[in-house]
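Let's take a walk through this model together, one local picture at a time. Keep the viewer open and follow along.

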Amino acid sequence: MNTPSTILDAIPRRLHLQPNHPLTITRKLIESRFPGYKTHNDLFPIVTTSQNFDSLGFPLDHVGRSRTDTYYINKDTVLRTHTSAHQADTFRDNKSEGYLISADVYRRDAIDRSHYPVFHQMEGARTWDRQQAGRAGKAVAQVIWDDVSKLPKHDIAVEDPNPPFHIERNPLQSRHAAEEAEAIAAHLKRSLEDMVVTIFNAAKGATDIATPDEPLKVRWVEAYFPFTSPSWELEVFWQGDWLEVLGCGVVSQAILDNATVPNRVGWAFGIGLERIAMLLYGIPDIRLFWSKDTRFLSQFSEAAPIKRFVPFSKYPACFKDVSFWLRSSSSAAGGASPIHPPATTSAATPTPNSDSAATPQTLSSREPVIANAEARAASPHAATSTHIPRSTGTTTRAEPTSSASDKEGLSEHPHLIAPAAPTQAPAAFHENDVMEIAREVCGDLVEDVRLTDEFVHPKTGRKSLCYRINYRSLERTLTNDETNAMHERLRSLLVDRLGVELR
Ligand code: DAH
């Protein structure tokens, strides 16, 4: 069990169901583009490894199964890492031709303004029954094309240079005729383009930045998922950048066979809701979704048109470094590669979006000694999380914390004083463990944690790392005393849990 109580505390929040919450509004906006699809918004987040991984064809050695990436409840149960965990069961229930599942999902991950260990996804799928088509005297591909012709039309520019499938990169499944896969892909692409047009037109309406009539552009890129083939991601050109918005593909026939609906064929997609809501409203920090502050919540209404979020205040940041030697047994000389550029490099250059899974992935079989960008890209977590390019400008040192005006102490933040779960030092160092400890100590008072330096001692081969913690509350100014107390506790937990030696 590697799931802290702070993470379990998120389960009852169900943000995607809170009236007037931006995630609810985003969910409903998407749902409105899929009329007739059955919605499932209340599925419990603790699932079996079989639901989360096996049913979807994840290999046993897939990095997503590792304890460094996924919250385990026990060896056979996890907090779902994606809404796809419910695909097989929903296909088995066979209650509707189309469905949408919105839910909270959980991943051990980096800390920055676009990553939070709990976020929300929507899964969608549409299938057709070959036998039913046959009884109507039609091939299923024909039935699907008839449905394509009923979809709403749009007039945006779509770049789609990809063949319908590709024998090496994006194969047709052996159980599918080429014309079936082509019809499914056409229905998939048209449906998702329509959704994205709706979202981005709403976002444009909310933007005060003058983007006069710059027409919306979208493009399809080939992708890889263990549970679809062929697979794609949809990207949207938004404020000067191509943004990955969703992952999708033709549902693996093995999933439908196992779900006892072998005659059905169809498509599925998954989309991260925070990322869409952040774009729609211009929400700058993913922690805000969890805020109970009325200065945040009062800005959203299901009844009114979408309008841009107005940040209520920016409280001072406080940067503190922690440097340590890894245990020499961590075979530390290998594997490290900084997720963030060192502080000395240009703070204005965004790190390339390491999550992007725009090209087919070779799935790595083991997590590296130190989690790095490649591992993130190869994980099943790669698509559809939040995917906003990492924040910039936080690599310079120390805006001072103001000590004025703040009387709040540790007792108001029970997570700061909760007893540490006893954990044995793990065999290998993984950056996500640093992130988890920072979350446990700081809760939402940490904005960003980044590796700023690493160094291998030329004689001993021991590795030293330096992480820079950016302490900042979204709601108030932190006192020096409380940041110092958090930092001290972080330092000592790094030693206790990870066996590192502070420098
Ligand atoms: N589950 C994937 C993820 O979390 C997203 C996804 C990709 C869902 C393709 C799908 C799909 O249904 O077909 O990254």
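Start with helix α2 (residues 22–31), which packs against α9 at an angle of about 100 degrees, their axes 9 Å apart. Axes here are lines fitted to C-alpha atoms, for helices over the stretch in contact, and angles run from 0 to 180 degrees between N-to-C directions. α2 and α9 are therefore roughly perpendicular to each other, a label covering 65 to 115 degrees. On the α2 side the contact (heavy atoms within 4.5 Å) includes Pro22, Leu23 and Ile25, and on the α9 side Leu273, Glu274 and Ile276 are among the residues involved.

A word on the source: this is a predicted model, where local features need pLDDT of at least 70, side-chain atom pairs count only at pLDDT 80 or more, and totals for chains, interfaces and linings use all residues. Residues are numbered from 1 along each chain as its sequence is written, and side-chain values use heavy atoms, with hydrogens and water left out.

Next, find the open sheet, where three strands lie in the order β2-β4-β3 with antiparallel pairing. Its edge strands, β2 (46–48) and β3 (72–74), each pair on one side only. Strands pair if DSSP finds at least two bridges between them; β2 and β4 (residues 77–79) are joined by three. Within this pair, threonine 48 stands opposite threonine 77.

Finally, look at the loop between α9 (273–281) and α10 (294–297), where serine 291 sits. Serine 291 counts as buried because its relative accessibility is 6%, and buried means under 20% relative accessible area (1.4 Å probe, protein chains only). Beyond four places away in sequence, serine 291 touches Arg13, Phe296, Leu297 and Glu475.

Terms used
Helices (H or I, at least four residues) and strands (E, at least two) are DSSP runs, numbered from the N terminus. Buried means under 20% relative accessible area, exposed over 50%, partly exposed in between (1.4 Å probe, protein chains only). Angles under 35 degrees count as roughly parallel, over 145 as roughly antiparallel, 65 to 115 as roughly perpendicular and the rest as oblique.
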